Amino acid sequence: MELEPGDERILAGESGETRRQMMELLVALGKVFGAERLVRIKSAQVSGASYKTIGKYGLEWLNQLDAKAVVPAVLNPIGMPRGRWEEMGIDRDFAEKQQAVIAAYGRLGIRLECTCTPYYLNSPAFGDHLAWSESSAVSYANSVIGARTNREGGPGALAAALIGKTPCYGLHLTENRKPKVLVQVEARGTDLSIAHYGALGYHAGKLVGNRIPYFTGIRPDPDGLKALGAAMAATGAVALYHVEGVTLEAVKTGFDTNRLEKITVTKEEIRRLFTDIPVDAIAVGCPHCSANELARIAALLEGKRVTLPFYIFVAQGVIDANRATVASIEKSGAKVYADTCMVVSPVMERYKAIMVNSGKALAYVPDMCGAVSRIGTIEDCVRVGTA
Ligand code: F3S
């Protein structure tokens with residue numbers, strides 16, 4: 001792998017042991033994946049932030065590092081809302097350990113914003129190279145924004161944040177971004193909600209696996225695209241998809257899809273995922289809600305009281321920019337929490353059946369929370385949660 005002279009000096013330890021180790025890690029990853037060089041990145045998003053995920057040894061490893069991020073970098077969601085963990089029912093021992101993880105990342109110069117939607121806080125531009133970790137954020141960055149990132153593991157993303165570069169392979173290269181399978185959705189003329197796009201992604205992810213799909217027959221807005229990509233990254237391993245006439249690369253590049261394998265998905269296959277099993281909690285915001293989603297939830301909850309625990313997950317920066325909307329939602333008794341989500345917070349393990357409006361949460365809640373999951377539209381969630 002070809003390194004610039006400055007990178008060679010970092011590798012020789014001239015800028016400290018931590019940066020030497022981080023450069024060594026990037027070079028090792030580059031060799032494994034056949035990268036010819038490193039590429040400069042605009043930002044990093046680092047996973048491995050929840051104490052539930054990294055545990056004691058992860059925290060010890062972070063505590064012995066000594067360097068500062070050289071590009072803007074944020075964290076993935078953690079196990080609790082930092083300012084409201086007691087109210088959420090998080091145990092003090094867990095909270096203290098989680099605070100220690102956050103403090104360790106803070107010392108490394110990582111911005112303490114814990115979200116899977118960093119693009120709502122500081123959006124990359126088309127063509128930017130990134131080192132992001134969380135699968136839905138990776139999918140959104142690649143597919144909706146047209147930026148370029150592989151799905152980084154936590155240590156690889158942290159190393160990229162501290163060095164400012166990442167190995168140039170996979171989705172950083174134009175030739176690897178072409179569609180590999182055509183997914184024709186037979187839903188023309190029908191309005192698909194965000195939850196329907198999540199269900200479509202849940203279904204399609206199983207069919208396409210790790211191939212790059214090219215969708216026809218749908219016209220999702222950015223919230224629909226977010227739901228679609230998040231679910232496909234969960235049930236498949238999709239880090240990039242295209243939608244005819246909608247996503248930027250599909251519009252700018254005009255891919256030839258004639259020779260691709262074709263898969264058809266019907267509205268009925270999507271609808272079948274919607275059930276009416278009884279639930280004991282509602283959780284929305286997977287991925288974290290946009291300002292538009294918050295406004296929709298506020299309108300639906302206006303003048304109502306929730307009768308089930310009702311959680312809404314969102315980035316702190318989005319809460320700060322939408323204080324009145326959040327206050328209006330919380331008048332109903334629903335809780336709007338930052339920093340965490342229904343999958344990474346240990347609190348959700350207390351429920352037996354959780355209703356979500358996300359294909360990704362539908363897939364992850366059973367394994368991560370030990371609860372049955374049910375998908376519904378946000379209107380269904382409010383109806384069930386306020387009945
Ligand atoms: Fe985000 Fe948690 Fe869903 S990290 S994508 S809200 S599982």
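Modeller: Strand 6 (residues 181-186) and strand 7 (residues 213-216) pair in the parallel sense over four bridges. Here a strand is a DSSP run of E with at least two residues, a helix is a run of H or I with at least four, and both are numbered from the N terminus. Two strands pair if DSSP finds at least two bridges between them. This is a predicted model, in which local features need pLDDT of at least 70, side-chain atom pairs count only at pLDDT 80 or more, and totals for chains, interfaces and linings use all residues. Residues are numbered from 1 along each chain as its sequence is written, and side-chain values use heavy atoms, with hydrogens and water left out.

In strand 9, K262 stands opposite L182. Strands of a sheet pair through backbone hydrogen bonds, either parallel or antiparallel.

Next, an open sheet of three strands has the order 3-2-4, and its pairing is parallel. Its edge strands, strand 3 (73-75) and strand 4 (130-132), each pair on one side only. From one strand to the next, the twist averages 10°; for such angles, axes are lines fitted to C-alpha atoms (for helices over the stretch in contact), and the angles run from 0 to 180 degrees between N-to-C directions. Three bridges link strand 2 (residues 43-46) to strand 4 in the parallel sense, with W132 in strand 4 as the bridge partner of Q45.

Another open sheet has five strands in the order 12-11-10-13-14, with parallel pairing. Strand 12 (335-338) and strand 14 (372-375) are at its edges with a single partner strand each, so one side of each has no neighbour in the sheet. Neighbouring strands here are turned by 25° against each other on average, direction ignored. Strand 13 (residues 353-356) pairs with strand 14 in the parallel sense over four bridges, and A353 has V372 in strand 14 as its bridge partner.

Two loops deserve a note. P287 is in the loop between strand 10 (281-284) and helix 12 (291-301), and the peptide bond from C286 to P287 is cis, with omega near -5°. D339 lies in the loop between strand 12 and strand 13; although not a glycine, D339 has a positive phi of about 75°. Most residues other than glycine have a negative phi, and most peptide bonds are trans.
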